[in-house]
Amino acid sequence: MEFDWLELVLTAHREFGSRLAQVEDWTAPTPDSDWQVEHLVRHVIEEQQWVPPLLSGLTVGEATPDIVPVGDDLWTEWQKYSEAAINAWKSTNLDTQVHLSYGTVNMEPYLRQQTSDVTIHAWDLARAVGADDRLDQTLVEAVWSDLDGQRDMLAESGLFAAPVEIPDDSSLQDKLMALTGRDPR
């Protein structure tokens with residue numbers, strides 16, 4: 001199945017932003033035992049900061065001096081960097097070469113990676129703040145289709161905890177979260 005990853009990154013950002021708007025306790029735990037809500041949100045914002053310079057052709061080393069610490073008003077910072085990232089995605093050709101820390105790739109794999117990251121963390125944030133954790137079904141299908149084929153790489157990367165065993169008849173969203181080391185039960 002073909003997916004419109006540019007539309008999906010917009011959806012992922014909306015999903016994350018809607019949960020961010022519900023944060024009341026920045027110290028609440030998240031499904032990632034290493035992070036509280038504030039750490040999770042800062043991580044997602046920091047990832048968005050890199051999108052415009054990397055899509056403009058800069059390397060990580062060249063972009064580093066321009067990446068500023070995220071401020072304390074995390075809602076405003078999210079809006080600022082989310083908008084900048086979305087504008088960069090929309091204005092960059094899918095064949096553009098992007099210099100990432102692990103090598104140079106076409107823009108589309110980076111777009112899929114970032115869409116997946118924001119999607120997974122939207123679920124994390126929903127769980128942390130007690131919000132509805134159901135994500136857009138097409139978004140879930142797309143991220144699953146991308147990550148399911150990378151099981152071995154994900155396991156070796158250390159990006160996520162080990163997959164969680166769940167029943168075979170679980171929803172696709174639950175399977176996705178379990179694949180990324182989250183227990184959706």
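This report walks through salt bridges in a predicted model.

## The overall count

Let's start with the whole structure, where a search finds ten salt bridges.

## A pair within helix α2

Glu-38 and Arg-42 join their side chains in a salt bridge, with an N to O distance of 2.9 Å. Both residues belong to helix α2, which covers residues 37-55, and because they sit four residues apart there, about one helical turn separates them. Glu-38 is partly exposed at 29% relative accessibility, while Arg-42 is buried, with a relative accessible area of 15%.

## A link between helices α5 and α6

Next comes a salt bridge between Asp-146 and Arg-112, whose closest N and O atoms are 2.8 Å apart. Asp-146 is in helix α6 (residues 137-148) and Arg-112 is in helix α5 (residues 107-129), so this pair ties together parts that lie 34 residues apart in sequence. Asp-146 is buried, with 13% relative accessible area; Arg-112 is partly exposed, with 21%.

## A pair involving Glu-7

Finally, the side chain of Glu-7 meets that of Arg-14 in a salt bridge at 3.8 Å, N to O. Glu-7 has a relative accessible area of 40% and is therefore partly exposed.

Key
Residues numbered from 1 in each chain as written. Predicted model: local features only at pLDDT ≥ 70, side-chain atom pairs only at ≥ 80, totals over all residues. Heavy atoms only, no water. Salt bridge = Lys/Arg side-chain N within 4 Å of Asp/Glu carboxyl O. Buried < 20%, exposed > 50% of the residue type's maximum accessible area, 1.4 Å probe, protein only. Helix = DSSP H or I, 4+ residues; strand = E, 2+ residues; numbered from the N terminus.
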